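Q: I would like to learn how to read some features of a protein model. Could you take me through them one at a time?

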Amino acid sequence: MKVAVAGCCHGALDKMYETLELLQRRHNVRPDLLLCCGDFQAVRNEADLRCMAVPTKYRHMQTFYRYYSGEKKAPVLTVFIGGNHEASNHLQELPYGGWVAPNIYYLGYAGVVRFRGVRIGGISGIFKSHDYRKGHFECPPYNQQTIRSAYHVRNIEVFKLKQLKRPIDIFMSHDWPRSIYHYGNKNQLLKMKSFFRQEVESNTLGSPAASELLQHLKPTYWFSAHLHVKFAAFMQHQTTSKEELPKATKFLALDKCLPHRDFLQIIDVEHDPSAGDSLEYDAEWIAVLKATNSLINVTQTSWNMPENNGLHAKWDYSVTEEAIKEVLEELNHNLKIPCNFTLTAACYDPSKPQKKVEPVHTINPQTTEFCAQFGLTDINDRIQQVKEEGSVRGEHEEEEEEEEMDSTGSAEEPSEYNTDNSGLSSINPDEIMLDEEGGDEDLSTCSVDPSPDHPPDFSASFSDIRIMPDSMAVSSDDAMDSTNEELEKSGVSKQVEEKSLNERPLKRIGGNENGNSGIKKIKRRNQAIYAAEEEDKTE
């Protein structure tokens, strides 16, 4: 089957789907599935915009709300992961995945599904070490810290994915696996993005968590986005035993969705002709969720996942064939994901702007149904419980303080249980209002003149569908030629370029996280990106 893969969508759904439709009209190529590697921006209304970590001037409504309201419907089944520029309050409603609009499915914090027998996995967000070992504690309305930490990858999601034993066909991450650039045309990458050089040479560019998953899962394909540049690589995995067959991963990073940018890729993937056209649950993944349910943490407390170090009674949470069979029996062998999309927030109305709408913490019926069906913890419900318990204890502490004041005339130390005061958090006027994540906001292209040896890898015409040029050859640094042959065999050969084409709220909950404020130092590659900001106004 034909699978279209897109990079950072940035809410431009109309543009993305128009590109696919034009591809079909001009070349009779119709993808069966569309995958998006993050920064999807499922923004429903003005409150969602306020939960997106981008500078104010890049908070645009875009076109997702039309698909959310039912005004439009995605012409092809679309599956996506979260990035670092998302309406985090919306995606947080679906920690285990779910429909954000008819025919548009979010994989959750981490997830695995099946389509026509093809096993597709993914992990949302980007890696930041200071939040990696925390639980998912954030909830709207966010403050200046939690609006960012909400999209940071957590160790529990990586741990769950590492329990998988069965082969993965396709995997998606927003940021690149660390070190993957050593398996492709690194010199060409640095010509296009010269400000990556220091991080590439120090091997600090990309996510170590994603790299760990790449080594463990060894999927046939791995797709990423985030850095707004197209890059291909081919990684041959080492075998761990004589019985294990050699495996290799074809990696491809996509550019962002803009006219004249190489943001879309069409690949041919082997599938099961007898399988249906519905998106399906993955039985092993459901079994892993059930096995790891007791490990869920919704606090800021940092903790390590169980490992074989003498400190844990159990560290292997991989599932048996019997456990997988039990999941199948629970579902009567019907793995079809129900089309149970539900509106949970008011939709944007251009004629009636609501600029002062506050984001609220919402329990999504899809998540409630999913958790009830499989006996899982609803993460948002657990967050709600923790907040309410903290509020009750905080009130009790206040009563004790009042009693002390009546008898002694002074109060004791303030309660350790913070009430909801996130909405009162101040903003440091000296703070540079940029997302401090490394490489988070590639808001413009770093323009590089093509060299004679490496001509541009895109043409002036949208209709140009052709073989991948030598400048995007994929291999390790020492085996460039042999890898090109592997790519041609793999089917990663067609490229598509776009030419311009004419609440139900539960309760307001505040996240309160202590953090240092002040002037933020911008990484060197961010400085290069923002220096050219005015050359590219579209995000």
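Q: In strand 7, which residue is the bridge partner of Gly-111?

A: Happy to start there. Helices (H or I, at least four residues) and strands (E, at least two) are DSSP runs, numbered from the N terminus, and two strands pair if DSSP finds at least two bridges between them. Here the bridge partner of Gly-111 in strand 7 is Gly-122. Strand 6 (residues 110–115) and strand 7 pair in the antiparallel sense, over six bridges. In their hairpin, which has two residues between the strands, Arg-116 takes a positive phi near 55°.

Q: What should I know about the source of these values?

A: This is a predicted model: local features need pLDDT of at least 70 and side-chain atom pairs count only at pLDDT 80 or more, while totals for chains, interfaces and linings use all residues. Residues are numbered from 1 along each chain as its sequence is written, and side-chain values use heavy atoms, with hydrogens and water left out.

Q: Why is strand 7 described as largely enclosed?

A: Buried means under 20% relative accessible area, exposed over 50%, and partly exposed in between (1.4 Å probe, protein chains only). Six of the six residues of strand 7 (residues 118–123) are buried, so the rest of the structure largely encloses this strand. Val-118, Ile-120 and Gly-122 point one way, Arg-119, Gly-121 and Ile-123 the other way, and all are buried. For the chain, 55% of the 539 residues count as buried.

Q: In what order do the seven strands of the open sheet come?

A: The order is 10-11-9-8-7-6-13, with mixed pairing. Strand 10 (231–236) and strand 13 (279–281) each have a single partner strand, so one side of each is left without a neighbour in the sheet. From one strand to the next, the twist averages 25°; axes are lines fitted to C-alpha atoms, for helices over the stretch in contact, and angles run from 0 to 180 degrees between N-to-C directions.

Q: In which sense do strand 7 and strand 8 pair?

A: They pair in the parallel sense, over four bridges, and Ile-120 stands opposite Ile-170 in strand 8. Strand 8 (residues 170–173) also pairs in the parallel sense with strand 9 (residues 221–224), over three bridges. There, the bridge partner of Ile-170 is Tyr-221.

Q: Which charged end sits over the ring of Tyr-221?

A: A charge sits over a ring if NZ of Lys or CZ of Arg is within 6 Å of the ring centre and within 35 degrees of the ring normal. Over Tyr-221 sits the charged end of Lys-250, 5.3 Å from the ring centre. Lys-314 has its charged end over the ring of Tyr-317, 4.4 Å from the centre.

Q: How many aromatic pairs does the structure hold?

A: Rings of Phe, Tyr and Trp (its six-membered ring) pair if their centres lie within 6.5 Å; planes under 30 degrees apart count as stacked, over 60 as edge-to-face and the rest as tilted. The structure holds 19 such pairs. One of them, Phe-64 with Tyr-68, is tilted, at 6.1 Å centre to centre and 35° between the planes. Both residues lie in helix 3 (residues 64–69), four residues apart, about one turn of the helix. Phe-64 is buried at 0% relative accessible area, and Tyr-68 is buried at 1%. Trp-99 and Tyr-105 form an edge-to-face pair, 5.0 Å centre to centre with 80° between the planes.
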